[in-house]
Amino acid sequence: MKALVVYPNKEALYAASTIGEYAALAVGDAELKAAEGAPVVYLIKGDPRDLGLRASAVLQTAKEYDVIVIPSHKDSKTLGGYVAQRLGAPFATDVISIKPEGGKLTVERYVFGNKAVAVLRLSVPAVLSIAPGKFMGEPPRAQSKVVELSPQAAQLFRISGVEPKASGGVKIEEAEIIVSAGRGFKKKEDLALAFDLAKAFGGQVGCSRPIAADLKWLSEDHWVGLSGHKVRPKLYLAIGISGQPQHIAGILDSRIIAAINSDPSAPIFQYADYGVVEDLYKIVPILIKKVGELRR
Amino acid sequence: MVEETPLKINDIDRNAVEEALKLKGGDRAYAVSVLKWPPLQRRVQEAENLLREALAMGLDEAYLVADEGLLGADQAATAKAIAAVVKKVGADLVLAAEASIDNYTGEVPPRVAAELGWPLLTYVREMKAEGGKVVAKRDLEDSVEVVEVQPPAVISVTREINQPRIPTLLAIRAAMKKPVNKLGLAELGLRPEPRAELAELRPVVIQRKRVIIKDGTPEEKADKLLQYLRQEGVI
């Protein structure tokens, strides 16, 4: 089978290389660089944010390919749904495995808030977005043949400006230890406890939806969950987090999950390796002190 | 197990309904839903009840597309059915949730836009109608795009866009009288399509140790927790 990678990055290129012959489609120079090593790179000069331009380019080249492979982010999924409909193709998002089998593709993905894995057999053409962290191999490197395209862009919308997001400077997806704060914290200032404990562990601070989206005590780069960031640290310590299904769905790949909550019936304890029933205001200061001593 | 699970409204759909109500002015606003889960007979009744929740919030009329040919069908078929209803009622703005909260794929709004050949905005957290245009903010991972489209358009919204209203008892009773139109594929001029082939569905087995530390002083509990975490080699 032949695969076309859109929004090229290393994981998507590797995933495509496991399907068969592959090429990449790059909009702008940064993506051209990211696609380096793919046997064929289609290059479009233009704004990487322009989804209409990119969709047109994909539709122009797609007929030569069986599978379109993209990373999983908001713009790529928007593009994926759009081109899938135009191609009459299925679109499987956040796939965790891909196997070409007898002219079809067998893929796995989490469904029902990560409560189950669905094994899907897709006819081609198909569009796949890959889950982060599941395709970590080295794509083979070739001398790239660059083909320039200038598609007729179908305008989906006009961009009049781009605002950077308030950032806490955190890449929570990459953290090895995450101390995560929830509604058990009574005021914004008290989050200092989470930051001090994270610092003692050498980790990062995460949070549940209410802290970032409703109360806005932390910027959204801290937000862990299905609609925030999916994380896979070696230790996830949930403090004052009740454990709503959408939060749990974002932490399933953690190696060890520990939880502190004063309510013994909090759902988070069902999903934790170690659960401590205690008032966070009593135990966290002790942990900060003890962890600090351990690491000295 | 899936067959026994009751249907519910996707939480973020309420935000889409709320935004439609803010924009609709004197126009009519419709709800459309495509039934995908068997068994058809029982689910039709369930889905109708759920659509009445959206009517109680203030929408005027609902369409339910229910057909054996749609059960288990893939999202291409869903999008075609939605697009057909949009054309039937003559709507010029389609508002949807950024994604459904069970599978979170977010693919249906882009598919509907592609099917209709309309402009598309996804992940909108703020929008207003301005001189015939919609000016909006798209909430991406690391940035916010300020964008505009000229309707007709398809727009998917995030949970942050508004606070959905809670219908009054009076509104809930009034909603019982609003029309819920049920349509099959043939009535929309559509044919059943090949289904997504679901080879297997297996529950994710969560192998967590579920050790609960509840006895002792806070100090003793802290020691216990740290001892476990050291044994696991994570600190």
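What percentage of the 296 residues in chain A is buried? In this predicted model, buried residues account for 55% of chain A. The chain holds 8 helices and 15 strands. Along the principal axes, its C-alpha atoms fill a box of roughly 60 × 45 × 35 Å. Contacts in chain A were also sorted by sequence separation. Among those between residues at least 6 apart in sequence, 59% join residues at least 24 apart.

Chain A was next examined by domain. The domain assignment gives domain 1 (2–149) and domain 2 (172–294). The C-alpha centres of these two domains of chain A lie 34 Å apart. Contact between them involves 4 residues of domain 1 and 7 residues of domain 2. On the domain 1 side, the touching residues comprise 1 nonpolar and 3 polar. No charged residue is found on that side.

The interface between the chains was then considered. Here, 60 residues of chain B are in contact with 68 residues of chain A. Several elements of chain B each supply at least two residues to the side that touches chain A. The helices among them are α3 (75–89), α4 (108–116) and α6 (218–231). The strands are β4 (120–130), β6 (143–149), β9 (197–203) and β10 (211–213). Of these elements, α6(B) gives the most, with 8 residues. By residue class, the chain B side divides into 34 nonpolar, 6 polar and 20 charged.

Strand pairing also links the two chains. Strand β10 of chain A, residues 158–164, is joined to β6(B) by 6 bridges. The two strands run antiparallel. Within this pairing, A:Glu163 has B:Val144 of β6(B) as its bridge partner.

One residue of chain B was examined individually. B:Ile166 lies in a loop of chain B. This loop runs between β7 (153–157) and α5 (169–175). Is B:Ile166 buried or exposed? B:Ile166 is exposed, because 9 other C-beta atoms lie within 10 Å, and a residue counts as exposed at 12 or fewer. B:Ile166 was also compared in position with B:Glu18. These two residues are 148 residues apart along the chain. Their C-alpha atoms are separated by 9.9 Å.

How values were computed:
Residues are numbered from 1 along each chain as its sequence is written. Chains are lettered from A and ligands numbered from 1 in the order in which they are written. This is a predicted model: local features need pLDDT of at least 70, side-chain atom pairs count only at pLDDT 80 or more; totals for chains, interfaces and linings use all residues. Helices (H or I, at least four residues) and strands (E, at least two) are DSSP runs, numbered from the N terminus. A residue is buried if 20 or more other C-beta atoms lie within 10 Å of its own, exposed if 12 or fewer, and partly exposed in between; C-beta atoms are placed from the backbone. Domain bounds come from an automatic or database domain assignment. Two residues are in contact if their C-beta atoms, placed from the backbone, lie within 7 Å. Ala, Val, Leu, Ile, Met, Phe, Trp, Tyr, Cys and Pro count as nonpolar, Asp, Glu, Lys and Arg as charged, and the others, Gly among them, as polar. Two strands pair if DSSP finds at least two bridges between them.
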